[in-house]
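Trainee: I'd like to learn how to read helix packing and salt bridges in a model. Can we go through one together?

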Amino acid sequence: MKKRIDLEQIVDTFLSYTKINTTSVEGSTQLPSCENQYKLAEYVVSQFTDIPGVSTNIKENAITTIHLPANNPHAPSIVFFAHLDTAPDHSTDTHAVRVKQYNGGIIPFAGSRETFSPEDNPELLNYIGQDILVTDGTSLLGADDKAAIAAGVEALKYMIKTPTFSHGDIRLVLLPDEETGIRGAKALDVSELNSDFGICLDCCEIGEYVVENWYAGSARITIRGVTAHPMSAKGKLINALYIATEIIAALPDKERPEYTEGREGYYWAHNLRGDTANATLDIAIRDFCVLP
């Protein structure tokens with residue numbers, strides 16, 4: 001297979017994106033939910049400034065389009081999608097670590113006591129002898145989805161510097177706040193793109209393609225308890241945290257991510273916060289729709 005992308009270049013591109021903390025904000029009504037998503041969009045667009053023929057656009061809500069016109073009018077038009085934000089699970093800055101020529105062993109995270117083990121993550125063994133980028137354990141790495149942005153950017157750069165590479169209209173579209181309810185995708189006017197194919201860069205191993213999608217829903221349950229001093233709480237105290245755990249326990253026992261695969265839907269209770277008086281429980285709901 002002909003090598004088209006320079007390894008060191010795409011690694012540097014990706015790492016430069018991880019240095020911009022784009023953690024999305026749960027519950028925000030703003031789009032984007034954090035200003036750094038807009039800053040990342042600006043930075044990506046700056047890499048295409050003054051390139052003849054390439055047009056760029058950043059909307060106020062950070063939806064960003066980079067357009068490379070076709071050099072072959074008969075080739076299909078394609079839009080590639082990636083998202084600007086990272087999950088709200090960890091909000092600290094990324095400190096990426098490069099593991100040179102991975103040997104198949106356990107990778108310790110430099111900033112924590114956690115490890116990355118092939119016993120728990122057997123897919124690691126597919127990359128023995130290759131370099132691996134990991135977090136230092138203090139934050140998310142940000143590969144979801146900045147690795148995709150880097151891939152899209154470097155692919156566009158290759159096509160720009162290789163005029164003999166035949167292609168139709170190519171667009172790279174960056175969307176905000178995927179992690180908090182695909183809000184950027186919902187705000188996108190798809191009719192503006194007018195493309196033959198759309199490809200979302202957001203998962204999977206090298207060479208793997210997903211050609212179907214599930215229904216992604218969410219539930220947020222707010223619980224109001226009644227506080228009382230524990231010495232005189234009998235008949236008075238209503239503990240919001242206990243109620244939340246009872247709700248979790250009432251979910252179908254085997255319909256959790258750790259028990260499902262393929263087209264099996266699941267309930268994922270992924271965030272519980274609060275105290276005796278008030279608690280909020282977030283549940284992600286995934287399933288495939290059965291069409292008639």
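Trainee: In which handedness of crossing, left-handed or right-handed, does H1 pass H3?

Mentor: First, this is a predicted model, where local features need pLDDT of at least 70, side-chain atom pairs count only at pLDDT 80 or more, and totals for chains, interfaces and linings use all residues. Residues are numbered from 1 along each chain as its sequence is written, and side-chain values use heavy atoms, leaving out hydrogens and water. A crossing is right-handed if the near helix is turned clockwise from the far one by less than a right angle, left-handed if anticlockwise. Here, H1 crosses H3 in the right-handed sense. Both are DSSP runs (H or I, at least four residues; strands are E, at least two), numbered from the N terminus.

Trainee: Which residues of H1 make the contact?

Mentor: Contact means heavy atoms within 4.5 Å. On H1 you'll find Gln9, Ile10, Thr13, Phe14, Tyr17 and Thr18.

Trainee: How do I read a salt bridge, and what is the N to O distance for Arg220 and Glu26?

Mentor: Look for a side-chain nitrogen of Lys or Arg within 4 Å of a carboxyl oxygen of Asp or Glu. That rule gives 11 salt bridges. For Arg220 and Glu26, the closest N and O atoms lie 3.4 Å apart. Arg220 sits in strand S10 and Glu26 in the loop between H1 and H2, 194 residues apart.
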